[in-house]
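Let's take a look at what sits inside this protein and what sits on its surface. Have the model open while you read.

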Amino acid sequence: MRWLRIYNDGTIGQRQMKNERINSLLTHPNTLTLFRIVSVPIIVVLLMMPNRFTALLAGLIFSVAAITDYFDGYLARRYGLVSNLGKVMDPVADKLLVSCSLIMLSALGWMPAWVACIIIGRELAVTGLRNIIAQNKMDVSASSLGKYKTGFQIAAIIPLMFHYPALGFDFQAVGMFFLWGALVFTLWSGADYFLRFRKLLRG
């Protein structure tokens with residue numbers, strides 16, 4: 001019976017180690033970042049055949065992906081898991097998620113295309129500026145205006161994806177309300193970036 005107990009203890013130990021590895025992988029910041037990237041084509045495909053179900057599913061997937069943006073940064077700082085890959089891929093994943101979602105919403109006519117152009121154009125311009133700032137070894141962390149901008153963008157995209165009225169709730173109207181706020185903070189935060197680092201650009 002002793003050998004059976006040793007065998008069982010070894011099997012349980014292997015299972016525990018396997019479960020710990022799986023949990024570690026699933027909660028790793030880079031895994032969460034990868035989830036945001038993988039969610040982009042899924043959202044695009046769902047919105048290519050819009051109806052109540054696919055719009056709801058796309059909105060839910062976007063919501064979960066947006067939440068992971070907070071948790072991957074938190075986990076990286078909390079457990080010392082900051083990596084060069086994460087530093088590069090995290091902003092790329094964010095911009096892919098938001099930009100592709102805005103493009104699809106514009107293609108469906110659920111939001112003005114010119115607003116999407118301004119928001120995406122700002123993201124590209126600020127990304128280029130941040131690269132210059134980083135090369136000069138200066139702080140490139142997001143300002144409070146940038147965080148408000150991101151919050152309003154997410155708050156706009158989710159109801160705009162849901163789109164269809166339900167239980168007397170007009171998701172489209174709510175989405176458009178937050179979209180105008182996102183546009184204001186997009187322009188404001190972008191101008192703030194370029195004004196703060198205008199000396200660097202002149203140099």
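Keep in mind that this is a predicted model. Start with Ile42: its relative accessibility is 39%, so it counts as partly exposed, a label for values between 20% and 50%. You'll find Ile42 in helix α2, which covers residues 29-48. Together with Leu34 and Val38, Ile42 makes a nonpolar surface patch of about 250 Å².

Now go inside. The largest nonpolar core has 31 residues, and Ile43, Phe62, Leu102, Met111, Met161 and Leu179 have the most contacts within it. Helix α2 is one of the elements giving two or more residues to this core, and so are the elements in this table:

| Element | Residues |
|---|---|
| α3 | 52-78 |
| α4 | 84-107 |
| α5 | 113-135 |
| α6 | 144-162 |
| α7 | 171-196 |

There is also another core, apart from that one, with 5 residues, including Val126, Leu129, Tyr193 and Phe197.

Which residues does Phe62 touch, leaving aside neighbours within four places in sequence? The list is Ile43, Leu97, Ser101, Ile154, Ile157, Ile158 and Met161.

Finally, check out Ser106, in helix α4. Is Ser106 buried or exposed? Its relative accessible area is 17%, and under 20% means buried, so Ser106 is buried. A polar atom of the Ser106 side chain lies 2.8 Å from the backbone oxygen of Leu102. Setting aside neighbours within four places in sequence, Ser106 is in contact with Met111, Pro112, Ala113 and Ala116.

Notes:
Residues are numbered from 1 along each chain as its sequence is written. This is a predicted model: local features need pLDDT of at least 70, side-chain atom pairs count only at pLDDT 80 or more; totals for chains, interfaces and linings use all residues. Side-chain values use heavy atoms; hydrogens and water are left out. Patches are made of residues with over 30% relative accessible area and no salt bridge: like charges are joined within 9 Å, nonpolar side chains (Val, Leu, Ile, Met, Phe, Trp, Tyr) within 5 Å. Accessible areas come from the Shrake-Rupley method with a 1.4 Å probe; for residues, only the protein chains shown count as cover. A salt bridge is a side-chain nitrogen of Lys or Arg within 4 Å of a carboxyl oxygen of Asp or Glu. Helices (H or I, at least four residues) and strands (E, at least two) are DSSP runs, numbered from the N terminus. Buried means under 20% relative accessible area, exposed over 50%, partly exposed in between (1.4 Å probe, protein chains only). A nonpolar core is a set of buried Ala, Val, Leu, Ile, Met, Phe, Trp, Tyr and Cys residues joined through side-chain atoms within 4.5 Å. Contact means heavy atoms within 4.5 Å. A polar contact is a pair of N or O atoms within 3.5 Å; within protein, one must be able to donate a hydrogen and the other to accept it, and residues adjacent in sequence count only if both atoms are side-chain atoms.
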